[in-house]
Amino acid sequence: MHSKHMKQTSSPAQRVTTPTASPTPARRSGRRKIPGTAAAALIVAGASLLALTGCGSSTSGSADGAAASSAGDKDGKHLSKLLWMGDSIAGAEAPALGAALKAGGVEFTSIASAGGGTVVKGDGPTAEFADGTFKDLSKAVGSFHPDVIAYQVTTYDWGTPAQQSSSYERLAKVAKDAGAELVIVSAPPFKVDAFYKGHEAAITSAPKAAQEAVKKSAGQARFLDASALWGTDSAAAEAQRSKDGIHSCQQGSAAFANWFGQQLSKHYAFTPAPADRWAKGPWTGDKVYGQLKCG
């Protein structure tokens, strides 16, 4: 996600350049650091956030079709560390996801990156973006040693279906070599504005390519379809998009964290913490929500 969708005014280094008919996004590489600054003006009403216990109760969304109890598949891989990847949509979800997982006893690190984050080595600038993402991933794996690497399909996964699939297969191999499993989760529905208009075909084919890559992983990867939570219409209330039509505010991020935790518990030795243990925490005042003008 380009930072132009995060701020009304961006710095010269963050602006989009357009040397050709297709816009070329600027990438801010490296791990995104999101400090937990409490800001009363950004804290969502407790009743709104705590109405999460029914979210994500659907059993759909897993490409491998594995079934497990709501208490978690205790015969599955132990989940103690999760590495989170994606673009600025994933970055806006990270504060809530980190709070939810930590409340459940899981260590969490995010390398979600505004203006990039993709692993798809397609044509043009995304090839460079992908190289940077894999470098960030290598560093994070070496220092954090995750059990699970979770990648949210980005708005920058531009390329042909073949390029997308091979890139997701590469990601699965990196995870396997690191002794981790890979979880790929689809992006939420988002507003396809002028910036994305020329890439609609790639945006549509990306989750399908991810599912194909998962099928080739011999059980080392899985795909989760987040439309079970957010639907497919970015303008619908169910999608819980912020004013920009792309990112989520605190409520949407908390709903995702709650849903994602439930999905993880179906496949790993992990029991999600109840929402009332984390949903009203200091993460709700994170500066990312101020940038999105969340109320």
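1. Helices here are DSSP runs of H or I at least four residues in length, and strands are runs of E of at least two, numbered from the N terminus. On that count the protein has 8 helices and 7 strands. Keep in mind as you look that this is a predicted model.

2. Some overall figures to start with. The protein has 295 residues, and 55% of them count as buried. Take the contacts in the protein with a separation of 6 or more: 83% of them are between residues 24 or more positions apart.

3. On to the cysteines. The structure holds 1 disulfide, formed by cysteine 249 and cysteine 294, with the sulfur atoms 2.1 Å apart. The pair ties together distant parts of the chain, 45 residues apart. Cysteine 249 sits in the loop between helix 6 (227-230) and helix 7 (250-265), while cysteine 294 lies in the segment after helix 8 (287-291).

4. Which hand does this disulfide have? The torsion about the S-S bond of cysteine 249 and cysteine 294 is about -85°, so the disulfide is left-handed.

5. Are the two cysteines buried or exposed? The cut-off for buried is under 20% relative accessible area. Cysteine 249 has a relative accessible area of 18%, so it counts as buried. Cysteine 294 is buried too, at 7% relative accessibility.

6. Next, the helix pairs. In general, a pair of packed helices is described by the angle between the axes and the distance between them. Helix 2 (residues 88-103) and helix 7 have axes that come within 8 Å and cross at roughly 50°, which makes helix 2 oblique to helix 7. The crossing of this pair is right-handed.

7. Who makes that contact? From helix 2 come Ala92, Glu93, Ala96, Leu97, Ala100 and Leu101, and from helix 7 come Ser253, Ala254, Phe256, Ala257, Phe260 and Leu264. By class, the contact of helix 2 with helix 7 has 10 nonpolar, 1 polar and 1 charged residues.

8. Alanine 100 deserves a click in the viewer. This residue is in helix 2, and its relative accessible area is 7%, so alanine 100 is buried. Leaving out residues up to four places away in sequence, alanine 100 touches Ala257, Ala273 and Trp278. Along the chain, alanine 100 and tryptophan 278 are 178 residues apart, yet their C-alpha atoms are separated by 5.8 Å.

9. The other pair is helix 4 (residues 161-177) with helix 5 (residues 200-215). Their axes come within 8 Å and cross at roughly 45°, so helix 4 is oblique to helix 5. The crossing of helix 4 and helix 5 is right-handed.

10. Helix 4 brings Pro161, Gln164, Ser165, Tyr168 and Glu169 to the contact, and helix 5 brings Ala202, Ser205, Ala206, Ala209, Ala210, Glu212 and Ala213. Sorted by class, the contact of helix 4 with helix 5 has 7 nonpolar, 3 polar and 2 charged residues.

11. Last, a look at serine 205, which has its place in helix 5. What does serine 205 touch, not counting residues up to four places away in sequence? Its partners are Pro161 and Gln164. At 15% relative accessibility, under the 20% cut-off, serine 205 counts as buried.

Terms used: Residues numbered from 1 in each chain as written. Predicted model: local features only at pLDDT ≥ 70, side-chain atom pairs only at ≥ 80, totals over all residues. Heavy atoms only, no water. Disulfide = S-S within 2.5 Å. Buried < 20%, exposed > 50% of the residue type's maximum accessible area, 1.4 Å probe, protein only. Axes fitted to C-alpha atoms, helices over the stretch in contact; angles between N-to-C directions. Parallel < 35°, antiparallel > 145°, perpendicular 65-115°, else oblique. Left-handed = near helix turned anticlockwise from the far one by under 90°. Contact = heavy atoms within 4.5 Å. Nonpolar A, V, L, I, M, F, W, Y, C, P; charged D, E, K, R; others polar.
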